[in-house]
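Good morning, and thank you for the time. I would like to take you through the aromatic rings and the nonpolar cores of one model.

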Amino acid sequence: MEENRVLEMRDIDKVFPGVRALQGVDFNLNKGEIHALMGENGAGKSTLIKVLTGVYAKDGGTISLSGQGEVQIHSPQDAQRLGISTVYQEITLCPNLTVAENLFIGREKGAFTNWKERNRAADELLKKLDIPAKATMQLSNCSIAVQQMVAIARAVDMECKVLILDEPTSSLDEQEVEKLFGFMRELKATGVGIIFVTHFLDQVYEVCDKITVLRDGQLVGEYEIKDLPRVQLVAKMLGKEMDDLSDIKGEQGAYTGEDKEERVFEATGLQSDAGIEPFDFYIKKGEVNGFTGLLGSGRSECVRAIFGADRVLKGEKKIHGKTVNITKPREAMKNGIAYLPEDRKVDGIIGDLSVRDNIILALQVLTGFFKPFSKAKAYAFADEYIKKLNIKTASADTPIKSLSGGNQQKVILARWLLMHPEYLILDEPTRGIDVGTKVDIQKLVLELASEGMSVTFISSETDEMLRTCSRLMVMRDRKVVGELTGDDLTQSKIMSTIAGEK
């Protein structure tokens, strides 16, 4: 093992029923290095991380750590004792406990814990990391972004040698990302090796030293960041050449039907109990529009009000000019509106159900559970959309929780497309998924619109919004503060509108 190396993984194999998730994968991490682990969803990134942290038992290969040689990691507790700390994409803290309890849980010594002292230590740590929370706050009262920072603080405070950050920035705004990067650089300077798993290419090139690329469970290569231009990285991840700046709008024609000016859905003075100011909104036949703004600006709250997922306090909704009373999601579904929610783990998938059952769920709700689909019909529906959306799964019977994040997202999308909605709302449909799947979903959105479906698209990545939307509602502080179309659809115009510049 090289002198400067903190971790070596050699010839790692992992097999699940029907799937070889990892095949002879190598991974190296040096002291004081930020190393990106890249690949499409299903490439094997999460599996490799779970083997390293003892969540999965490896089926072959060796793991070695600096100063300890080859080690056996049978559980997350083993990994922790060896100095390997992990912060997963999906926050794994206890929302019913305080911030301090989340920071120190599992590290109590003896029957008695001095929580006054622990709270003081927690406040010091939060202050040091500039996290806007107090030790005695209940975690559920903190924003998702703050919860993510608390999870990172917990991992860092355990004096780790290897810190694994699995999509840590997916719930953070730009300032919080910069704060995290500053802290990562501080840790790097102390000799901590950091494995950074992300789908944000800009972030990789901003903070990382090296990149390891996986594809289909195999190692593509390890590269110095300076030696791997962005376009080549995308090509290696996808296994094909691809211009990451391609204009996907130009590849798909716009809807040209005679009714293209018809307003499919319209809202006036809409206000919900989620704290957004009353707003007006409409979408035309075959149009792709969206809500954009900083984290917490109210983007999601607007579409939840439209769908009836939050309680509407006032306002009017119309479909094709006719007033409708949509106060619950089921009423929205009956009126041809579908909604893919922001948090697929909480509001989207039902983990223990199969891919098939997750796909047919919304249509079964509409049809009624006392009129279940025949087994043949359910399989036909599932097989159609597994093929149409290229969902990577061993079979339609595979539990959805076994799929990668991107494939889970495709299953939820299939669920709503099976309803053949007239109006489809997609809230962060590409968050935390790979570049290839992002492009697939963007192209699918434009294809559906060209066929006459109306789509509202929300993404925290403004370049993605610009590639897909022909009209944007700009939000700031839970108010709609502008509407951009045509030549005004630029990054600079969006930023200046958010900032309130004239």
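Let me begin with a definition: a charge sits over a ring if NZ of Lys or CZ of Arg is within 6 Å of the ring centre and within 35 degrees of the ring normal. By that rule, R118 lies over the face of F104, at 4.8 Å from the ring centre. Likewise, R471 has its charged end over the ring of Y282, 4.0 Å from the centre.

A word on sources. This is a predicted model, in which local features need pLDDT of at least 70 and side-chain atom pairs count only at pLDDT 80 or more, while totals for chains, interfaces and linings use all residues. Residues are numbered from 1 along each chain as its sequence is written, and side-chain values use heavy atoms, with hydrogens and water left out.

Now to ring pairs. Rings of Phe, Tyr and Trp (its six-membered ring) pair if their centres lie within 6.5 Å; planes under 30 degrees apart are stacked, over 60 edge-to-face, and the rest tilted. The count comes to nine aromatic pairs. In one of them, the centres of F281 and F291 are 5.2 Å apart and the planes at 25 degrees, so this pair is stacked. Ring pairs also link F265, F279, F281, F291 and Y423 into a cluster.

F291 also belongs to the largest nonpolar core, of 75 residues, where F291, W416 and L424 have the most contacts inside it. Such a core is a set of buried Ala, Val, Leu, Ile, Met, Phe, Trp, Tyr and Cys residues joined through side-chain atoms within 4.5 Å; buried means under 20% relative accessible area, exposed over 50%, partly exposed in between (1.4 Å probe, protein chains only). F291 is buried at 0%.
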